[in-house]
Amino acid sequence: MKAFNVIRKNKHKAERGASSSPKAAEAAAILTPVVTAAVDEGAPQSPLKEDASPPSLVSSVPASVASSNIKVFIDSKELQETLSSKSLPQIIGAIDQGTSSTRFVLVSQHGRILASAQLETRQYYPQPGWHEQDPSEIIDSVMQCVKTLESNPELQPLLAKHGVKAIGITNQRETTLVWNRVTGLPYYKAIVWDDLRTTEIAQTIRRHVASKDYSQNKQQQNGNSHSSSCSMTRKTGLLIASYFSGTKVRWLVENVPELAKDLQEHPEQVCFGTVDVWLAYQLTGKEVVVAAAAAAAATTNGNGNGDATSHQLHKGGLFVTDATNASRWLFMDLITQTWDDQLIDTVVGSSNVKVPISALPEIHSSSHTYGTCSSVEGIPKMLHNVPLSAILGDQQAALFGQTCFLPGEAKNTYGTGLFLMMVTGDQPVTSTHGLLTTIGYKIGKKTTYALEGSVAHSGSTIQWLRDQLQIIDKASDTESLAKPQNDGMYFVPAFAGLFAPYWRPDARACIVGMTSSHDKGHLCRATLEAIAYQTKDVFDAIEKDSNVSLKSLRVDGGGTANNLLMQFQSDIINVPVECPVVLETTAMGTAFAAGLAVGVWKDLDQIKALWSVAKTFEPQMSEQVRLKNLRGWDRAVSKSLGWVGDNNQRKRLSRMESELVEADYEDAFSDEDDLQRSIESLDTKRVEVVARPTETRMAWHIFSHILLTAAAVGAGYLLGERRPGLLAPGRFKLPAFQLRK
């Protein structure tokens with residue numbers, strides 16, 4: 001596969017603006033990894049027109065019956081022990097607002113979940129690739145969950161005796177909305193993190209940044225010095241992609257006329273925020289917004305997907321966020337942890353409509369008393385005057401809930417997707433292997449940084465088996481149906497491209513190695529294995545970036561209930577996999593951070609003592625079998641690439657990759673130190689076990705090419721033939737890729 005993955009060095013050249021030529025700068029705009037799933041060819045990408053109201057594709061959770069669908073869990077034994085305790089342990093509330101549901105959880109001072117209420121939230125899909133949620137329904141789901149526990153008879157004695165000491169918020173990251181500070185009403189529905197409408201916007205920004213970086217590098221270039229990556233990536237830790245909030249802000253500014261008008265005439269009235277900002281604003285609001293107006297706004301905000309259900313909103317609340325959520329906008333400097341005017345202008349564009357910093361929330365510590373919840377109408381009594389003392393993005397909350405407090409400690413969440421995150425310490429580590437540099441959490445004035453690798457499809461793949469293929473009735477069926485071996489079948493669930501560490505939006509799902517003897521049991525096995533293989537890819541990338549060999553992996557999420565998956569995961573990464581006693585680590589992390597801020601726990605050591613392992617899966621697979629499995633996965637991944645985009649685009653991409661490779665050979669011969677680094681980067685001791693085989697194959701091809709070219713140059717020197725064109729494109733050809741043996 002000619003355009004599989006350019007080796008690390010070439011990828012850097014694309015990201016840094018390819019300082020060697022304008023053509024390479026153009027390549028950088030295309031080759032810089034895209035942290036989003038590409039839509040199918042022909043999918044509508046145009047914004048909604050003012051006179052167009054496409055029919056809504058809505059999930060099956062009608063607002064009128066939502067309250068009857070609330071799932072309640074109460075740990076009666078833990079509840080009784082808490083009530084009978086002489087020490088009167090304190091209770092923390094955690095709001096966990098996710099993509100598909102909202103939960104409110106009560107956590108005891110002993111680090112145990114006492115009760116929870118969960119409600120699915122309604123999803124809107126107005127166009128292919130678009131994903132929206134109603135801000136009014138989001139806050140309404142929170143209120144319903146809180147009120148459900150508040151009114152539960154079994155919890156009344158607890159709440160009467162203890163009350164709630166503080167609450168924290170954890171949320172789906174990057175989902176973006178905007179509202180008016182005066183009216184308290186949203187301008188538009190919330191654009192969900194996985195929405196694809198801003199893909200072209202991200203491409204435009206990447207081209208602009210690549211061109212700008214190239215110009216600056218050319219002016220500043222001195223000898224062989226180069227910038228190592230895209231300037232925005234260096235400053236934000238992120239890649240320029242539709243995944244992040246900044247591109248959604250730009251779409252809203254360009255496509256919601258009322259918003260654009262207010263930004264020009266009354267910018268102080270505009271509030272952009274992620275879900276955490278919206279919830280904090282509502283819970284601390286001092287004034288009730290007329291319910292009828294809220295319902296009207298939901299219907300007429302420009303997308304034609306409202307409903308007649310009344311929602312009570314509030315205004316005048318706190319306009320705040322924390323460092324973990326702010327780090328996912330493309331607007332924040334990762335070091336100073338402040339909004340950056342230059343970043344905002346670069347992402348939003350050079351139009352007449354500007355987004356002032358006043359339209360963005362104040363950034364605070366993750367564990368911090370932001371204020372107190374309001375006691376006005378509509379706020380549940382359980383929350384009246386209760387401190388709001390923690391905000392974290394969901395994956396960072398899980399990291400904190402797993403008590404990953406030291407560099408090298410890592411967790412993996414098996415949810416809709418996969419999210420593997422490792423603590424790197426008090427300094428950010430720039431990734432060179434397709435990961436994101438982000439803030440893990442900020443406690444007081446101390447910031448803890450992390451590396452993160454995200455994979456698009458994990459639990460959603462099992463859901464596909466259930467809902468689309470209908471070969472299972474429930475997720476647990478995959479374990480009972482799965483065959484003991486895959487018998488050569490591999491499944492790459494790239495339904496919307498490959499995320500970390502490949503970042504290939506042109507990939508699509510494929511099943512390879514299938515014969516007539518395979519059945520649904522083999523497909524179940526291949527599906528579970530695919531989840532583990534994807535984790536392995538990210539696991540290896542984190543080890544390479546951090547230079548730390550992970551000794552274990554802490555896991556959470558729905559996938560941890562599958563023993564077959566957990567055992568295979570341990571086998572394929574060859575380290576123990578640890579399942580904690582309390583699997584709801586997202587809610588626990590938020591509760592820990594909230595309690596820490598108000599003195600429920602004195603320090604991280606006290607919190608660490610509350611975490612314990614329920615079950616450990618030790619690796620049992622032989623090295624030979626592990627390598628065989630990984631080779632099969634590598635081959636399967638190679639078959640999933642190149643399915644999106646026209647032939648000309650793919651040829652252009654391949655040609656640009658080749659040109660960057662050729663340029664690197666020339667650099668290698670012009671700089672002995674660079675050549676030495678290239679040679680040292682080839683980890684000859686682990687050729688057989690790397691998770692990204694293409695990188696190894698490419699490295700060896702380059703190494704052999706270097707030796708071949710060096711011999712040719714030497715021969716030419718002896719013959720008196722010292723032609724600079726010896727390394728010109730086309731003079732020497734890389735041999736065809738061969739899979740590792």
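This is a predicted model: local features need pLDDT of at least 70, side-chain atom pairs count only at pLDDT 80 or more; totals for chains, interfaces and linings use all residues.
Residues are numbered from 1 along each chain as its sequence is written. Local features need pLDDT of at least 70 and side-chain atom pairs count only at pLDDT 80 or more, while totals for chains, interfaces and linings use all residues, and side-chain values use heavy atoms, with hydrogens and water left out.

**Exercise 1.** Determine how much of the chain is buried, and describe its largest nonpolar core.

*Solution.* Next, take a nonpolar core as a set of buried Ala, Val, Leu, Ile, Met, Phe, Trp, Tyr and Cys residues joined through side-chain atoms within 4.5 Å. The largest such core has 104 residues, and those touching the most other members are Met232, Leu252, Leu259, Phe272, Phe331 and Val355. Helix H17 (residues 520–546) supplies the largest share of this core, twelve residues, where a helix is a DSSP run of H or I with at least four residues, numbered from the N terminus. Apart from it lies another core of 49 residues, including Phe104 and Val386.

**Exercise 2.** Describe the lining of the second largest cavity.

*Solution.* A cavity is a set of points, on a 1 Å grid over the protein atoms alone, where a 1.4 Å probe fits but cannot get out, and its lining residues have an atom within 4 Å of a point. Among the residues lining the second largest cavity are Arg112, Pro580, Phe592 and Trp611, and helix H19 (residues 585–597) gives the largest share of that lining, three residues.

Key. Buried means under 20% relative accessible area, exposed over 50%, partly exposed in between (1.4 Å probe, protein chains only). Helices (H or I, at least four residues) and strands (E, at least two) are DSSP runs, numbered from the N terminus. On a 1 Å grid over the protein atoms alone, a cavity is a set of points where a 1.4 Å probe fits but cannot get out, and a pocket is an open set with protein on both sides within 12 Å along at least five of seven lines; lining residues have an atom within 4 Å of a point.
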